[in-house]
Amino acid sequence: MAIETVDNSAESRFEILVDGKVAGFADYLLLPTKIVFTHTEVLPAYEGQGLAGRLVEHALRASADTGLRVEPRCPYVAKYIERHPEFQSLVDA
């Protein structure tokens, strides 16, 4: 099973692909100095495989790499940041 995470900027979302097919996504709104994560979803056929965590980790690292602050409106992203202190400094107060 090949897993890849990409930024589909045309759709304003990060996607996690399994064998080339979209298995989940994290929607965002890109602003000049921050990225607002609004919704994260893994398709039912792919649930329970840890894909949401991999997706959000990638999205947060990509945001950090570009110097963007993060506003986690999505409950999953907020909870992920709460459980992973290394990302808490990204949160836009």
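**Aromatic pairs and a buried glutamate**

Analyst: Ring pairs link Phe14, Tyr28 and Phe37 into a cluster. Rings of Phe, Tyr and Trp (its six-membered ring) pair if their centres lie within 6.5 Å; planes under 30 degrees apart count as stacked, over 60 as edge-to-face and the rest as tilted. This is a predicted model, in which local features need pLDDT of at least 70 and side-chain atom pairs pLDDT 80 or more, while totals for chains, interfaces and linings use all residues. Residues are numbered from 1 along each chain as its sequence is written, and side-chain values use heavy atoms, without hydrogens and water.

User: How is the pair of Phe14 and Tyr28 described?

Analyst: A pair of aromatic rings is described by the distance of the centres and the angle of the planes. Phe14 and Tyr28 are tilted, at 5.4 Å centre to centre and 50° between the planes.

User: Is Glu15 buried or exposed?

Analyst: Buried means under 20% relative accessible area, exposed over 50%, partly exposed in between (1.4 Å probe, protein chains only). Glu15 has 7% relative accessibility, so Glu15 counts as buried. Glu15 is placed in strand β2, residues 13-18.

Notes
Helices (H or I, at least four residues) and strands (E, at least two) are DSSP runs, numbered from the N terminus.
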